[in-house]
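Here are a few friendly notes to read alongside the model. Take the points one at a time, and find each element in the viewer before moving on.

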Amino acid sequence: MAKHPFHDVAIVGIANSEQARVLEGHDSTTITFQAVHRVLADTGLSPQDIDGVAAGPFSGPLTYYMRSGPAWRSHMAPSIPIILDAASAIATGQCHTVLVAHGSAGIYTERASTAPWTRPANEFVVAYGMFTAAEFALIAQRHMHMHGTTHEQLATVAATIRNNGHAHPEAVYHGRGPFTPDDILASRMVADPFHLLDCAMTSEGACALILTTRERAQDLPNKPVYILGGACDSFGPSYQHPPAWDLAGPSGRNNGYTGRWAAQKSFAMGELGPADVDVCEFYDPFSFEIIRQFEAYGFCEEGEGGEFIMDGRIGPGGQFPVTTDGGTMSFSHGGAAVQQLQRVIRGVEQLRGTCVTSQVPDAQVAMCSNGGAGALFTDVMLLGTQTP
Amino acid sequence: MSEILQPQSPGIPLPVPTIYSQPYWDGCQVGELRYQRCQDCGAITMDPAPACSACFSENLDWEVSTGLGEVYSWTTVWRPQTPAFTVPYVAVIVTLDEGFWLLANLINCPVDAVYVGMRVKATFVELSEEITLPYFEPVNRETLVGMAADIINLPPDFDIEQADLLD
């Protein structure tokens, strides 16, 4: 049997900086540096051990200020694709230890408007008041029309994830709950079908990971976590074109199920299926996105996602616990990308078995995701405790 | 009472046409909803682009849509993107009868009356000297405004054609 492409790669370090609605006295660089210091502390590594940097706009500055050069450098966006890029660089011998980091602070200041990265400038949407919630609402409404998915089912997702954050001491919205689905439905409407509490928050923060070779991982203090699979689906640029469920080319593969093909490739890479997943660290920009992902990834049939998430299946102790730190609804949403890396960080934490709250007992396989159909992309990673 | 959706006022961010899209915006100024059709494979490309989205041919020509279509999906927005926008507004994706999608806002319709499959037609609103925006309104606007009239208890002899409710 051919060796798994990521057989020799391990995730050995994870860290979040402090997270808050507003981090007084920080900008994106200083908060990113805080996360980098913490991830180095998590691993016991020093800057001189790093020979690859994958940090979006901070790749250059970090390489320079850590004096890690000559280093490999990723040019991918700092989310799941950058982790896969880092893993590929290690697997192909371009470098041995990669720092992944991103942070955001001081960028969202005009609070009367939605966050700047959510407001597209494309000429065909700019005059119609579109922003992220409205984009994802157009996807959700279509699904509700086709399959009868209900506001109550959406609210059940939001209450579940917000309760995970309510319990988490480091979540921005720690202690804000607990929430029932009725609480979600009672919050003000933002973009039908999304009430305020169906939506992600905005906050500030940073995070970081370190990947290295399986061999080096044996000498480091943390239980290594392995990449069992990963792939990315994209249907075009976010927030510029009508986010239609049925957007597709001649292949018939549609934007409504973006992530399905990435998931199939990831499962094939790891010789796994949905039934093998112990914890679902799914990206949660809006409640409906969780329902959509369970259908897209093959956990349930098309149109059955609304029923699938009911009856405690996605809550603590359920068959498929989701977004166990509170995700973008309650843990943090530090800009355009930090919260995407944080899905993987939480997956690693679950597999290490070190979660302070909502630890899934004996979790062996975590599925992590980024993106969504309203944004026309979904990226997927499968993590495991065993070398693939 | 049920509010009647209105176009946005000047002051909202407006499109900046490109060399590909200028004919589309020129069409809006004369009340035409224009789209590109590939002269090689016959497929429609929308948004305007330098090449066909079915076969990538550059041999595209402009045609004029009937402006008729139906609502494919919708969302009523209550939190504006920026303070320049007046809420509520309804964003719709419309499937034009020719078979392409367009994203726009719905107007001349009670705020709670929109549904997937609603028949709509394009209508044009001048927002600046350079930009006239396409909006959509219900084809059966009289019926819908009648519904709204019931809700706000207009007298039985209320003449919808004389009302300035819409324009």
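1. Let's start with two helices in chain A. The axes of α5(A) and helix α9 (residues 287-296) of chain A come within 7 Å of each other and cross at roughly 100 degrees. Angles from 65 to 115 degrees count as roughly perpendicular, so α5(A) and α9(A) are roughly perpendicular to each other. Please keep in mind throughout that this is a predicted model.

2. Which residues make this helix contact? From α5(A) come Q153(A), L154(A), A155(A), V157(A) and A158(A), and they meet S287(A), F288(A), I290(A) and I291(A) of α9(A). By type, the residues of this contact between α5(A) and α9(A) are 7 nonpolar and 2 polar, with no charged ones.

3. Now look at α5(A) by itself. This helix covers residues 151-167 of chain A, 17 residues in total. From its first C-alpha to its last, α5(A) reaches 24 Å, close to the 24 Å expected at 1.5 Å a residue. Is α5(A) largely enclosed or left open? Of its 17 residues, 14 are buried, so α5(A) is largely enclosed by the rest of the structure.

4. Next, turn to chain B for an overview. Chain B contains 2 helices and 8 strands. Reading from the N terminus, its elements follow the order α-β-β-β-β-β-β-β-β-α. Chain B has 167 residues, and 35% of them count as buried. If you take contacts in chain B between residues at least 6 apart in sequence, 55% of them join residues at least 24 apart.

5. Strand β1 (residues 33-38) of chain B is joined to β3(B) by 6 bridges, and the two run antiparallel. To find this pairing, look for C38(B), whose bridge partner in β3(B) is L60(B).

6. Then follow β5(B) and its partners. β4(B) and β5(B) run antiparallel and are joined by 8 bridges; W74(B), for example, has V92(B) in β5(B) as its bridge partner. β5(B) also pairs with β6(B), again in the antiparallel sense, over 6 bridges, and here V90(B) stands opposite L106(B) in β6(B). How many residues lie between β5(B) and β6(B) in their hairpin? There are 4, and G99(B) in the turn has a positive phi of about 110 degrees. In β5(B), 7 of the 8 residues are buried, so this strand is largely enclosed by the rest of the structure.

7. Finally, see where the two chains meet. The contact takes 31 residues from chain B and 27 residues from chain A. On the chain B side, β4 (68-77), β5 (89-96) and β6 (101-106) each supply at least two residues. Which element of chain B gives the most to the side that touches chain A? That is β4(B), with 6 residues. The residues on this side of chain B divide into 22 nonpolar, 7 polar and 2 charged.

Terms used: Residues numbered from 1 in each chain as written. Chains lettered and ligands numbered in written order. Predicted model: local features only at pLDDT ≥ 70, side-chain atom pairs only at ≥ 80, totals over all residues. Contact = placed C-beta atoms within 7 Å. Nonpolar A, V, L, I, M, F, W, Y, C, P; charged D, E, K, R; others polar. Buried ≥ 20, exposed ≤ 12 C-beta atoms within 10 Å, placed from the backbone. Expected span 1.5 Å × (residues − 1). Pairing = 2+ DSSP bridges. Axes fitted to C-alpha atoms, helices over the stretch in contact; angles between N-to-C directions. Parallel < 35°, antiparallel > 145°, perpendicular 65-115°, else oblique.
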